[in-house]
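Let's explore this structure together, one question at a time. Take a moment to look around first.

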Amino acid sequence: MNHEEEEEDVDILIVGAGLAGLTTALSLHRLGLRSLVLESSDSLRITGYALSLWTNAWRALDVVGIGNTLRKRSTQIKGFKIASLDTGLFTSEQALDKDGKFEGYESRCVKRKDLLEAIVNELPPDTIRYSSKVATIDELGRYKLVRLADGSILKTKVLIGCDGVKSVVAKWLGLERPISDGRLAIRGLVEFPDGSCSDPIFHVKFGGGVRFGSLPVDENTVYWFCTFIPSQVPSYEEDWKVNPIKVKQFVLSRINKMPQEAQDVVERTKLSNISCAKLKFRSPWNVLFGNIVKDNVCVAGDALHPMTPDIGQGGCAALEDAVVLGRCLGEVFLKKASEEDDEFERIKKGLEKYGKERRWRSFSLISVAYCVGYIQQSNGKIMSLFRKVWFSSYTPSIFLKMADFDCGNLVS
């Protein structure tokens, strides 16, 4: 086969085999629609350790049929414990089902590996094509031509970019590059073979330029994170991002007043299970006014709405995207069309509908996440007083209100 001359026809082409891309493929599969997912790496990317998934995410997972599989591997979070910045002791505790105010909520932390493998296990063989890096995107009439680094060409009716913060598809659409919010995120995953992770509580401490939290994945595993502002840490050096020893020492120094069980979570984490990376987000105004959809091309997941992790909605929003996108494309390809109908125009209208549903939702999530992070980590006296008097007690409500969203079913 001469890749330089021959083209492979694909109805729906998805770039990126991350959470958004795979779940979109599964949504389409549940509707009987075939798609092809291109992944630049040579295997499934399972880095990232774990994701906190809230009510909206579990609704989406139930829609695509894998919610119960993942519930068996995760612990339901029952409440928050918020530590004092001054003493490090947990001075505030809130049950998430208090007074029935958030009845029906669901919050669990899931290993990224378990989540992606659960999706892949439900997909038809050959849905994912590995070692397939997109080089260029061109137009051929009403089709998009996607040329890969190996020279092969795919001609598609629909192109969906789920290729993360460095999205090639987002760049083609003309979206701005995600920007740094000035913080780094340290993440870790620790195993407790004796099954000592029985407390189903989200522990969190914030203020003084640092935000630390931990929550159980299951009875043997805890996921933890620490975000901080490098410019406020005199000892910070660029090599931290590749030096887990220094990263671990820094986190321990910032939680040394917290109860011993909190320190044990970090102390017992293997260096190979610690990562450090910059936090980035897309300007909410770019989401609101930019081209997140253009004709038969759109973006989803982090290619659409990279956000800071301060309300735990990045992965949840990607799952919402996938269900809404599946529904909109299902209406295009499954509903009987008249002879006068133009398929390209139907695809265009279907993706415009998707964009309309996701634009404001993405704008809200990015904005709220950024504001929450700013308040939690600011150092000023006024902000510290505001945080102590009011914001700490309101934090669980923010998480749950942003998670109180239903993306709907695959069939409207």
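Q: Which residues are linked in a network of salt bridges?
A: This is a predicted model, in which local features need pLDDT of at least 70 and side-chain atom pairs count only at pLDDT 80 or more, while totals for chains, interfaces and linings use all residues. Residues are numbered from 1 along each chain as its sequence is written, and side-chain values use heavy atoms, leaving out hydrogens and water. A salt bridge is a side-chain nitrogen of Lys or Arg within 4 Å of a carboxyl oxygen of Asp or Glu. The residues linked in such a network are D62, R71, E106 and R108.

Q: How many salt bridges does a search of the whole structure find?
A: Side chains of opposite charge can pair when their charged atoms come close. Searching the whole structure for such salt bridges gives 24.

Q: Is E320 buried or exposed?
A: The side chain of E320 meets that of R361 in a salt bridge (2.9 Å, N to O). This pair links distant parts of the chain, with E320 in helix α9 (residues 314-334) and R361 in helix α10 (residues 343-377), 41 residues apart; helices here are DSSP runs of H or I with at least four residues, and strands are runs of E with at least two, numbered from the N terminus. Buried means under 20% relative accessible area, exposed over 50%, and partly exposed in between (1.4 Å probe, protein chains only). Because its relative accessibility is 0%, E320 counts as buried.

Q: How many residues apart are R327 and E357?
A: The side chains of R327 and E357 meet in a salt bridge (3.1 Å, N to O). The pair links distant parts of the chain, R327 in helix α9 and E357 in helix α10, and the separation is 30 residues.

Q: How far apart are the end C-alpha atoms of helix α1?
A: The expected span of a helix is 1.5 Å times one less than its number of residues. For the twelve residues of helix α1 (residues 19-30), that should be 16 Å, and this agrees with the distance between the end C-alpha atoms, 16 Å.

Q: How many of the twelve residues of α1 are buried?
A: The buried residues include L19, A20 and G21. Helix α1 is largely enclosed by the rest of the structure, because the number of its twelve residues that are buried is ten.

Q: What is the phi of D126 near?
A: Most residues other than glycine have a negative phi. D126 sits in the loop between α4 (112-120) and β7 (128-129). Its phi is positive although D126 is not glycine, with a value near 70°.
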